[in-house]
Amino acid sequence: MNANDQKRIENSSLYFQVGLTLSLIVAYLFIEIEFQTINENNVIRNKEVDITEVYNQKFIVEKLKVIEPIVEKSKPKFVNKVKPVEQTKPDEKEPIETTMPAAEPTTDKPAEPVESVPLPIPTKPDVFERGVVEESPTFMICAKLKGIERDKCFNEQLKKFLLSNLNYPAKALDRGIEGSIAVQFVIDKNGAITNVKTINTSNKDLEKEALRVVSKLPKMAPGKQGNETVNVRYTIPISFKIPN
């Protein structure tokens, strides 16, 4: 290859590079002009674009409420043909018709005045029965005891007193008369033995001895109801039996 051929090849390569560069410049200018045209057109069309295409938010346009004329509805008709109750003004007082069951005709009479009867005021009894009173009377030796122990002590002391003071009537003993006499008495508010009497009498001699012994009972610690001392009634049996 001579020098001319070598030079020709170098010139061809140079021309090719220059042509390629010019082509790239022309292409760039063409693209730039095309983009500007598109952008201008876009600006013009944006005036007609709906706002919903620009924003992603959804806008809800409420419909205008149309006020319909109020049409008065006709009142319902009832099968039993009962007139509906009409509301009246406060000043108007009209009777309301009601259906009542048929009743026997009555004559209008003025109501008789009812006299108020005062309720009876509960009164405290003069004498309490044994077992009802809160604190039973007892012998002085048992006065500090309470409840069952107090009653038990009373019974023991009463038994001792009767065995020590009771005498079998001679006439009844000679005749072999036995029996039981129920004696009733009251231990009053002061502890004294009062109102001694018999309920049944099998023999006058036995009765007389029973009354004598009970009347000799010593002064007791009185019974109490609440904080007050009260009268308490007792009934005891006194048996007369001849030992074998």
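**Stop 1: Colour by confidence**

Confidence in the chain is highest in strand 3, at a mean of 96, and lowest in helix 2 (residues 51–54), at 46; pLDDT is the predictor's confidence in each residue, from 0 to 100. Helices (H or I, at least four residues) and strands (E, at least two) are DSSP runs, numbered from the N terminus. Select residues 43–49: the pLDDT there is below 50, and beyond near neighbours in sequence the stretch has zero contacts in the model, a contact being heavy atoms within 4.5 Å. The chain has a mean pLDDT of 75, with 58% of its residues at 70 or more.

This is a predicted model, in which local features need pLDDT of at least 70 and side-chain atom pairs count only at pLDDT 80 or more, while totals for chains, interfaces and linings use all residues. Residues are numbered from 1 along each chain as its sequence is written, and side-chain values use heavy atoms, with hydrogens and water left out.

**Stop 2: Helix 5**

Select residues 204–215, the twelve residues of helix 5, which span 17 Å from first C-alpha to last. Buried here (under 20% relative accessible area, with exposed over 50% and partly exposed in between; 1.4 Å probe, protein chains only) are L206, E207, E209, A210, V213 and V214. Viewed down the axis of helix 5, these buried residues fall within an arc of 165° and so line one face; the arc is that of the directions from the helix axis to the C-beta atoms. The face turned away from the buried side carries the exposed residues K204 and K208. Next, display the cover over the buried residues, which includes helix 3 (147–165) and strand 5 (228–240).

**Stop 3: The start of helix 5**

Select N203, in the loop between strand 3 and helix 5. A side-chain oxygen of N203 comes within 2.8 Å of the backbone nitrogen of D205, and the N203 side chain reaches the backbone nitrogen of L206 at 3.2 Å. N203 has 14% relative accessibility and therefore counts as buried.

**Stop 4: Aromatic pairs**

The whole structure holds four aromatic pairs, defined for rings of Phe, Tyr and Trp (its six-membered ring) with centres within 6.5 Å; planes under 30 degrees apart count as stacked, over 60 as edge-to-face and the rest as tilted. Select F139 and F154: their ring centres are 5.4 Å apart and their planes at 40°, so the pair is tilted. Finally, select F185 and Y234, both buried.

Conventions: The expected span of a helix is 1.5 Å times one less than its number of residues. A polar contact is a pair of N or O atoms within 3.5 Å; within protein, one must be able to donate a hydrogen and the other to accept it, and residues adjacent in sequence count only if both atoms are side-chain atoms.
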